[in-house]
Structure formats: structure tokens, C-alpha cells
Amino acid sequence: MRVLFIGDVFGQPGRRVLSAHLPTIRSKFDFIIVNMENAAGGFGLHREGADAALQAGANCLTLGNHAWHNRDVYAMVADEGRFPIVRPLNYSDPGAPGVGFRTFNVKGERLTVVNLLGRVFMDHVANPFRAIDHLLERDDLGSIFVDFHAEATSEKMAMGWHLAGRVAAVIGTHTHVPTADTRLLPGGTAYQSDAGFTGPHNSVIGSNPEGPLQRFLTELPQRYSVAEGPAELNGVIVQMEGGQATSVERYRYVEEG
């Protein structure tokens, strides 16, 4: 099973490059997972973004700390047949809308996609390590792909080692910068601290550089806006077999212009 995971889609430039590039490579993969955490102007997911990703060839959409930023998402997570969305598993409230994992049939094999939210420098949520441990008590999940949406590299690495040999992949999102630590952990677990993002190339993690720059220079609040210009698409390719990863590699595409 060949799986492509695409990192945080950011604003209109991210949606544009996803819609333009994913269909050209879609046939090379058996399953596509896309983190849509920042698709709506940099904050959350709206119906326009979800429709665009699914039309481009995505099979599953994951979220993160901005899961509830747009009202559209409440109706979408309730419409499970149309919108295969996975929100963070480890919300403290067990009655939170949507689901924290989904299991798909891919070429006759089971693939479960899990979304976890980190706690270091992030929102207060339940312990992600305990949440995934509880989920892994099930025996019907097949190959397991974990999108760990977290800020601290140490927390992400700890999760990778915690799940080494227990899941097929642990790939980080949220920081928008691809890391160079792509590797197979013991037991056949693909790992990368952050997949990077899919959005404007000439930006500060998606925003027009002027806003963040002035914030750092003046220490005063600034209005941020989504940067324009060519966009990049970052992701991770994981080859899976028998519930384990056999290979993992980074994927990157940058628009011309």
C-alpha cells in the first residue's frame, strides 16, 4: 500500500497548488491523506476547501488545533459519508463532534488514519499518548497512520518512539517547515517530525512576511494576511506492508513563477 500524506494546506495558495498538482500524481498512490487545518485563510477548514481537496483526489482529511475555527466544519463532520474528516482524537470531551480516527478499505487491506493533538505550547487537551494507547487496544485497525499535530519537536519524537513497532507511520504537522529526520523507526514505523506545509512559498509559515516581521521588530500586535505568489506542496510518502512501513521519503513540489 503506497500512501501519500500532504502537510497543512494553507489558504487559497495552498488550495490552488493542491488542486493543480495532486491530480497529476494521484495515480501513483493507493491512498491520499491531506491535513486541511489551515485551508480557510490560514485558520481551519471550510466547505470550499474540503470539496477542493476531495475533487483533487484526497481520500481523508485531517485537522488540528484550528479544527473548530469555521462553522462549516460542524456540518461536515456530521456528514460522514461525504466528508471523510478526522479531527483530533484526544479532546477531553468524549462528546466532541466528529471522530478521531477512521478505518478505510484500501486494496483489500484496512488502513486507519488517526489525528492527535500535542499539548506542549498548544491548547489544553487530553493526553495524546494515553489516547492512542487506548485506541490501540483494538485489533481491527489494520495499518495505522498517525498525523500528530504538535508544536514541540521533542513531543513529536517521543510519540514516534512510543509508537515504534505499533503503528505504520507517525508524521508530524503544525510547524509548516519540513524536517530532515525522515526515517524508519524499529519495528517498521515511518517517522518525520514535520511534513511541512502546502502554501505560499515566499512567506513566514504562510503569512505575508511584513506582518510577522513587524511583530518581531515592534513587539506590537499586527494584522497577518495570507502571502501571495507561487506555492509549494510538501508531503511524505509511506510504503506499507503487513501493518508496517517498508520505506518512507519526503515529497516536495514548488510552483514556477
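One term before we set off: a crossing counts as right-handed if the near helix is turned clockwise from the far one by less than a right angle, and as left-handed if it is turned anticlockwise. Keep in mind, too, that you're looking at a predicted model.

**Stop 1: helices 4 and 5**

Which hand does the crossing of helix 4 and helix 5 have? It's right-handed.

Now show side chains at the contact. From helix 4, pick Pro128, Phe129, Ile132 and Asp133; they meet Glu155, Ala158, Met159, His162 and Leu163 of helix 5. Colour that contact by class and you'll get six nonpolar residues, one polar and two charged.

**Stop 2: the second largest pocket**

To see the whole lining, select Leu89, Asn90, Tyr91, Phe101, Ala126, Ala131, His134, Leu135 and Arg138. The pocket has a volume of about 160 Å³. By class, its lining splits into six nonpolar residues, two polar and one charged.

**Stop 3: the largest pocket**

Next, centre the view on Phe10, Gly42, Phe43, Ile205 and Ser207, which lie nearest the centre of the largest pocket. How many residues line the largest pocket? There are 19, and its volume is about 310 Å³. Sort the lining by class and you'll find seven nonpolar, ten polar and two charged residues.

**Stop 4: helices 1 and 2**

For the last stop, select residues 11–25 (helix 1) and 47–56 (helix 2). Their axes come within 8 Å and cross at roughly 15 degrees, which means that helix 1 is roughly parallel to helix 2. Check the hand here as well: helix 1 passes helix 2 in a left-handed crossing.

On the helix 1 side you want Arg15, Leu18, Ser19, Leu22 and Pro23, and on the helix 2 side Glu48, Gly49, Ala52, Ala53 and Ala56. This contact holds six nonpolar, two polar and two charged residues.

Conventions. Residues numbered from 1 in each chain as written. Predicted model: local features only at pLDDT ≥ 70, side-chain atom pairs only at ≥ 80, totals over all residues. Heavy atoms only, no water. Axes fitted to C-alpha atoms, helices over the stretch in contact; angles between N-to-C directions. Helix = DSSP H or I, 4+ residues; strand = E, 2+ residues; numbered from the N terminus. Parallel < 35°, antiparallel > 145°, perpendicular 65-115°, else oblique. Contact = heavy atoms within 4.5 Å. Nonpolar A, V, L, I, M, F, W, Y, C, P; charged D, E, K, R; others polar. 1 Å grid on protein atoms, 1.4 Å probe; cavity = no way out; pocket = protein on both sides within 12 Å on 5 of 7 lines; lining within 4 Å. Points joined across faces, edges and corners; volume = space filled by probe spheres on them.
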